[in-house]
Each structure stands twice: as C-alpha cells, then as structure tokens.
Amino acid sequence: MSKLDRFIENLKIPDSLPLLPVKDIILYPTTVLPLAVGREKSIRALEESMSTNRLVFVVAQKNIQVEDPTPDDIYNIGTVCEVFQIFRMPDGTLRPLVEGINRAQWTDFKSNDKGYIEVGIKVFDEKIETTPESEAIARRTVSLFEQYVKLSPRMLPMEISVSVSNITDTSRLADTIASHLVIRNNDKQSILELVNPIERLEKIIQVLNSEIEILNIERRIQSRVRNQIGKTQKEYYLTEQMKAIQKELKQKDDIQKDADELKKKLKNMKMPQAARDAAEKEISRLEKMMPMSPEATVIRTYVEWILDLPWEKFTADNLDLNRAKEILDQDHYGLEKVKDRVLEYLAVLSRVQKIKGPVLCFIGPPGVGKTSIAKSIARSLGRNFVRISMGGVRDEAEIRGHRRTYIGSLPGKVIQSMKKAGSNNPVFILDEIDKIGSDWRGDPSSALLEVLDPEQNYAFGDHYLDVEFDLSHVMFITTANTLDNIPNPLLDRLELIRFSGYTDAEKRYIAQDFIVSKQLEGHGLSSQELVFAEGALDIVIKNYTHEAGVRNLAREIANICRKIVKELEFNKKLKSITVTPENINKYLGVAHYERERISENDVGVVTGLAWTEAGGETLTIEVNKMKGKGALMLTGKLGDVMKESVQAALTYVKSSSKRLGIDGEGIFSKTDFHVHIPEGAVPKDGPSAGIALATALASVCMNKPVKKKVAMTGEVTLRGRVLGIGGLKEKVLAARRDGMDTVLFPESNKKDLIDIPEDVRNKIKMIPVAHMDDVISLAIETS
C-alpha cells in the first residue's frame with residue numbers, strides 16, 4: 001500500500017469543505033497539480049484550508065468566463081484535494097500544489113462570514129472486488145494506453161507506460177490514465193463522474209480507441225506529406241546535380257536546348273524593341289523552370305508565337321502598272337472601278353516609299369466576284385493573300401485573342417492570319433462583315449474599329465501577345481452584301497466600292513472567256529470534246545439561273561460538263577458533243593426559271609422596279625376597286641414603309657382628282673380600293689414603288705390603262721414630287737431582262753445613268769421625271 005493509500009485510509013474527510021472552483025482543469029484523484037488562484041474567495045478558501053486540515057473541494061467550472069460562480073456554474077462532482085504547499089506570487093496571486101484524494105459530490109452551497117464558499121461533501125466509495133473480468137478490462141486499458149503513448153504527439157515519456165502497468169488498484173489505474181489523456185474537458189469530466197471503476201475503464205477504452213484511430217490517420221497524413229516533400233526535394237537536388245554535370249560535360253537539358261534555340265532565333269530576327277524585350281523576359285523565365293512544369297509549355301508557346309510573326313518582313317511590291325492591269329483584266333471581266341482603285345494605289349506607291357494601306361469595302365450581291373478579285377489584287381501587287389470569314393463571328397476574342405491567363409489561349413484571327421501570311425504587308429480580306437453577330441462575349445465589329453482604322457492599326461493590341469503589332473502596311477479588303485447590318489462607326493472607316501449585277505451580255509462573255517474554260521479543265525475535257533453552240537449559253541443564263549452574279553451559272557455549266565464526261569465514257573466512239581438550245585434540257589432538265597411572265601400593264605396594273613441583295617427585280621402592282629365606303633386594303637406582305645407609300649400615293653390622287661378628271665366626291669366615298677403585289681410570301685418594303693402605286697391608283701380611278709412595256713421607280717410625296725432612289729442600275733437591268741422598253745426614273749438619279757452599260761441604254765428608253773403629273777402623262781393612255 002502506498003503512502004497516499006495509507007493516508008486516504010486513515011483520513012477522515014469532514015462533511016463540509018472550502019470550495020475551490022477552477023477553470024479549464026479537471027483534477028482526478030491521485031493527480032498532483034499546481035493551480036493558479038487569484039480570486040478573493042478562492043484565496044480565503046485556501047488560507048482556511050491551510051489553517052485547519054489542509055483539505056479543499058476542487059470542482060471545474062462549466063463556463064470559464066464566469067468570475068463569481070454560482071451553483072449552476074459548476075459541475076456536481078469534483079475532487080477532494082490535500083494542499084501540500086502554497087507559493088505567493090509578486091502580483092498577489094497564489095500557486096498552491098494540490099493532490100487529489102477522492103471524488104465527491106457537493107450537496108450544500110453557502111457563503112460564510114469568512115469570505116469564502118463552503119459546500120457539503122458526499123464522498124463516494126470506489127472499492128470493488130477484483131474479478132477476472134475487471135483484470136481483463138484493466139489489461140486492455142493498459143495495452144491501449146501504451147499504444148496511445150507511442151502515437152501521442154505530445155511525446156509522453158515511455159516511463160508513464162511502465163508506472164501505469166504497475167498499478168493494481170482498478171480505480172487508481174483509471175484515474176491515472178485519464179489524467180494523461182489529451183481530450184476535451186467535457187470528456188474528462190464525464191470520466192470523473194463515473195464512480196464505478198469498471199465503467200470508468202470501459203469509457204477510457206472507448207476514448208483510447210477513438211484517439212488511437214485519429215492519431216494513426218494523422219501519422220499517415222504526415223508521412224504522406226513528408227514523402228511528397230522528400231520526393232520534390234530529391235528531384236530538385238537531382239536536377240541541380242544533373243545540370244552541374246551537364247555543365248561540366250558541356251551538355252544541356254531539353255529546357256536549356258529550347259531556350260538556346262529561341263535565343264538564337266530571336267537574335268537573328270528584326271522586330272520592335274518592345275517585342276524583343278517581352279521575348280527575352282519570357283525566355284529568361286523559361287530557363288529557370290523545371291522541365292515538367294506546365295507553365296514552361298505556356299511560355300514556350302508564347303515565345304514561339306512572337307518569333308513566328310512577320311514583324312518587319314515585307315514582300316516587294318511589283319509596281320509595273322501595265323502588268324497589274326493585265327492580270328486584273330485576265331482574271332475578271334468588267335469591275336472597272338475596283339481595277340482603277342488598285343492601279344491608283346500602285347501609282348502612288350511608285351512615287352511615295354510608304355503609304356498607309358487602304359481599307360476597301362466591296363458591296364454587292366453574291367457571286368459578282370468580290371472575293372475572287374481580292375485574290376487577283378494580291379497577285380497583281382505581288383503580295384501574299386490571307387482571308388478571314390467573318391460570318392457568324394460573335395466573340396470579340398476571335399479578333400483580339402484571349403489573355404494568357406486562360407488555359408489553351410491563343411492570339412486572335414488577325415494575328416493568326418498575319419503569321420499565316422508570312423509578311424507584314426499582305427492583302428487581307430475580311431469576308432462577309434455584314435454577317436458579324438454580337439452577344440454577351442462582346443461585339444467583334446467594335447474590335448474591328450482598331451484593325452481597320454489607318455490612324456490606329458499601326459499599334460494593334462492583341463490580348464494574347466500583349467505587345468503592339470503594326471498593321472498599317474496591310475491592304476485590308478472587306479466584303480458585304482448590304483450595308484444595313486454594318487455599324488456606322490465601322491462603315492466610316494471603309495472606302496466603299498459597289499459591285500452591280502451583270503447584264504446577260506456580260507454573263508455570256510464571262511461564261512465564254514472564263515467559266516467554260518475553267519470547268520473544262522476541272523472535268524478533264526478539251527475544247528473539242530465539248531462545244532457550246534450559239535445561243536446555248538443564253539438559254540442557260542435565262543432559263544436556269546436567276547441571279548446578279550455568275551455563281552449558279554458556273555454550277556450549271558459544271559453540271560453540263562459532268563453529264564458530257566459520263567456520256568463520253570459510256571460511248572467511247574463519241575469524240576465531240578455540241579450543246580445547243582434544242583438539246584440543253586437533256587443535260588439540265590426542265591428549265592428552272594420558266595417563271596410567270598409579269599402581268600402586262602393595264603387598268604390598275606403597273607410594273608414597278610425593286611432592288612434586292614441578289615440584284616434588281618420587276619414588281620407587278622395591281623389595284624382594284626369595288627363598291628364600299630372608301631376603305632383601303634393592302635395585301636402581298638408589305639412592310640411599314642411601303643404601306644405608308646400607298647397612303648401617300650392615295651392622298652396625292654385624291655388631292656389631284658380634278659386635274660386628273662376624276663369624280664373625287666363620288667368615287668372616294670363610295671369605293672373601296674384593294675392594293676395587291678403578287679408573290680405574297682415574299683416580304684416587300686421600301687419607298688421606291690411610290691410612283692408606281694400612285695400610277696396604278698390613278699389608272700383605276702380614271703379607268704384608263706397604263707402603257708405597255710413601261711416600268712417605273714421613284715418615291716412620291718404628298719404633293720406629287722418624285723424623289724431619288726438607290727440601285728438604279730440593277731433595276732434597269734431587271735426591266736431589260738423582263739422585256740421593258742421604257743423606264744421612268746427620278747430626275748435626281750440622272751447622275752447614275754453612267755453606271756448603266758451602254759448596250760442596255762441603247763435598248764431601253766430612260767425618261768427622267770420630277771413630278772407625278774409627268775409620270776401620269778407619260779404612263780397612262782390618253783384615250
């Protein structure tokens with residue numbers, strides 16, 4: 001029996017003791033601990049204990065923030081302790097050294113006149129008989145505690161395991177082990193409150209199992225981290241050693257080889273200093289990186305982009321104007337405005353060493369040669385040619401590129417095309433700029449403002465490169481079918497050149513001199529194997545195509561070539577086949593455009609003229625009258641502008657009824673008018689059918705027919721003035737195509753007559769008009 005056991009056995013614990021509440025400490029029997037005491041009531045309790053039996057009741061507070069605990073602020077069960085000695089500190093606090101004797105429960109809480117709290121004490125009897133079960137539980141507890149000591153991060157000394165294994169008393173064993181566990185105070189208090197030693201050991205086994213599992217997980221994590229750190233350090237040391245060895249042997253790793261190659265390439269390149277500095281900085285970063293670093297690949301790609309761009313690499317312009325004219329004429333028929341503009345540019349360039357690249361915009365219907373002539377321009381200048389299709393582009397980053405913070409980022413299409421061109425002064429075509437879209441990712445047309453502005457594009461900023469690139473030497477050409485979808489700020493930077501549709505004669509010439517020979521070569525035919533008789537190409541143009549350009553014409557000729565090749569292969573005896581107007585349906589089938597002939601002019605029927613993206617069109621306007629109350633009905637899928645034109649035309653006719661010989665009071669109040677424009681599924685809009693609508697209304701009111709083969713176009717005002725319109729050439733070509741021999745047009749459009757081919761002007765009578773009175777006198781039969 002130990003000295004403490006003998007003391008406890010001989011000690012008689014009184015029924016009441018001074019209370020010593022403590023913060024954040026759970027004191028078990030057999031445990032010796034120094035305490036810090038500073039509260040006045042606790043100091044008086046210790047002084048009273050030292051003057052009597054040296055015993056105090058130590059109990060833990062539930063809330064350590066409370067300075068003057070009440071019965072609700074302390075646990076019910078604590079430990080009776082003996083005070084060995086007290087040290088007084090300079091700040092007035094006490095440091096008593098106490099030893100736990102027995103667990104007990106307080107029963108009465110009262111303050112006395114001596115200034116401390118006294119509580120009644122109920123001491124628990126913890127003695128039990130030793131049984132095989134209690135011995136087994138004790139051994140298991142000791143075994144788990146030994147594992148805990150080995151794993152504990154506090155590095156508990158192994159002597160603790162030895163001393164614990166020598167304890168035979170079950171209660172003392174449980175308290176000793178519990179005092180060394182690093183667990184929460186709530187769990188320690190729950191162990192203290194278990195009076196039965198067997199139950200206490202079972203609780204300790206449960207806690208030890210949980211703690212050992214947690215400690216094992218912590219150890220595995222720590223081992224994994226340590227191994228990873230060790231592996232990284234090992235790789236670093238080995239890499240450094242390898243570099244040192246390679247340096248001695250004058251060998252280099254892959255990163256260094258790449259860096260040296262990039263440095264060598266950079267040294268031999270001509271580029272702006274800002275681009276050179278950026279490349280040198282990134283190469284320097286590359287040299288310091290690990291070979292397998294993902295960032296190394298990003299940096300290498302960036303430097304390669306900088307080195308692959310033609311910063312100061314130019315192709316020499318061929319300034320021979322006669323050669324350039326010959327090439328342009330050889331590749332394209334007509335298009336004189338475009339050819340003259342290119343020759344002007346070459347002429348100025350031959351006198352001025354540096355000239356800002358022009359920014360041209362080719363506007364016209366599909367198939368008239370906008371894109372193909374851009375290639376011919378590049379060939380005539382001796383420059384490289386690149387093309388970007390802008391149709392459907394919605395992301396600004398496709399123009400300016402992505403920033404390098406994004407994975408897989410690349411420069412925009414402009415910089416990519418410059419790399420593809422291989423020179424700083426290519427002919428650069430931006431195709432279909434009227435088809436650009438915009439959404440939440442940005443507006444590409446806004447990004448093009450910098451690209452296409454000669455005052456800004458000398459310092460174009462791509463987000464990926466983050467270095468200014470000079471685009472001022474580039475000859476930019478844009479193409480579009482219409483100007484309606486091009487923003488005004490972008491349109492302001494473009495030099496517009498309009499492409500009109502071809503006449504039938506021009507199409508025939510293009511087919512004979514360009515398309516047929518190209519298709520024969522593409523299908524492996526000779527000019528002797530396939531011959532087009534006179535008039536055959538005219539039939540193809542009129543009955544199998546309906547377009548302003550020649551794209552579908554080329555398709556139909558290709559279709560004929562395929563049929564001829566098949567026929568020659570099946571019948572080897574055939575040496576030549578002639579395509580005539582009579583047998584052309586054998587190769588192309590039934591005519592595609594045996595379209596309804598337009599209604600001949602009659603009472604209330606007038607031929608108007610319209611402009612579309614595909615060229616000019618004739619427009620039949622029909623007006624009928626019936627008994628009613630003066631209502632106006634409009635059909636034919638008319639747009640708002642055209643509906644307003646009908647209203648203006650009717651107002652003019654009403655206001656001019658006396659002059660026109662119309663019974664205004666009788667007809668307009670008792671008659672309904674129905675205006676219809678056939679092909680009701682096709683949307684129609686615009687003001688240029690105004691004079692045709694007014695003529696049709698006047699004709700039906702006067703009950704006089706409109707002259708045959710007369711077409712007209714022009715906007716009408718309420719007072720009868722005829723205003724100018726656009727697309728006169730295309731409209732006149734449409735009128736000629738549909739057999740008209742007279743066209744009435746606004747006087748303000750006389751300046752546009754020069755654009756109409758001479759052969760068309762010679763075959764059709766062009767009459768300018770300034771007022772509706774002139775139109776009616778010229779268009780409506782007098783008798």
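Predicted model: local features only at pLDDT ≥ 70, side-chain atom pairs only at ≥ 80, totals over all residues.

Me: At what angle do helix H25 and helix H28 pack, and how far apart are their axes?

Reply: Helix H25, which covers residues 690-702, packs with helix H28, which covers residues 772-779, at an angle of about 60°, and their axes are 10 Å apart. Angles of 65 to 115 degrees would count as roughly perpendicular and those under 35 degrees as roughly parallel, so H25 is oblique to H28. The crossing in which H25 passes H28 is right-handed.

Turning to the residues themselves, H25 makes the contact through Ile691, Ala694, Thr695 and Ala698, while H28 brings Met772, Val775, Ile776 and Ala779 to it. Sorted by class, the contact of H25 with H28 has 7 nonpolar residues and 1 polar residue, with no charged residues.

The largest cavity holds about 40 Å³ of space, and its lining includes Val22, Ile25, Val58, Gly78, Gln189 and Leu192. Strand E3 (55-60), strand E4 (77-88) and helix H6 (185-192) each supply at least two residues of this lining, and E3 gives the most, with 3 residues. By class, the lining of the largest cavity has 8 nonpolar and 3 polar residues, and no charged residues.

Note on methods:
Residues numbered from 1 in each chain as written. Heavy atoms only, no water. Axes fitted to C-alpha atoms, helices over the stretch in contact; angles between N-to-C directions. Helix = DSSP H or I, 4+ residues; strand = E, 2+ residues; numbered from the N terminus. Parallel < 35°, antiparallel > 145°, perpendicular 65-115°, else oblique. Left-handed = near helix turned anticlockwise from the far one by under 90°. Contact = heavy atoms within 4.5 Å. Nonpolar A, V, L, I, M, F, W, Y, C, P; charged D, E, K, R; others polar. 1 Å grid on protein atoms, 1.4 Å probe; cavity = no way out; pocket = protein on both sides within 12 Å on 5 of 7 lines; lining within 4 Å. Points joined across faces, edges and corners; volume = space filled by probe spheres on them.
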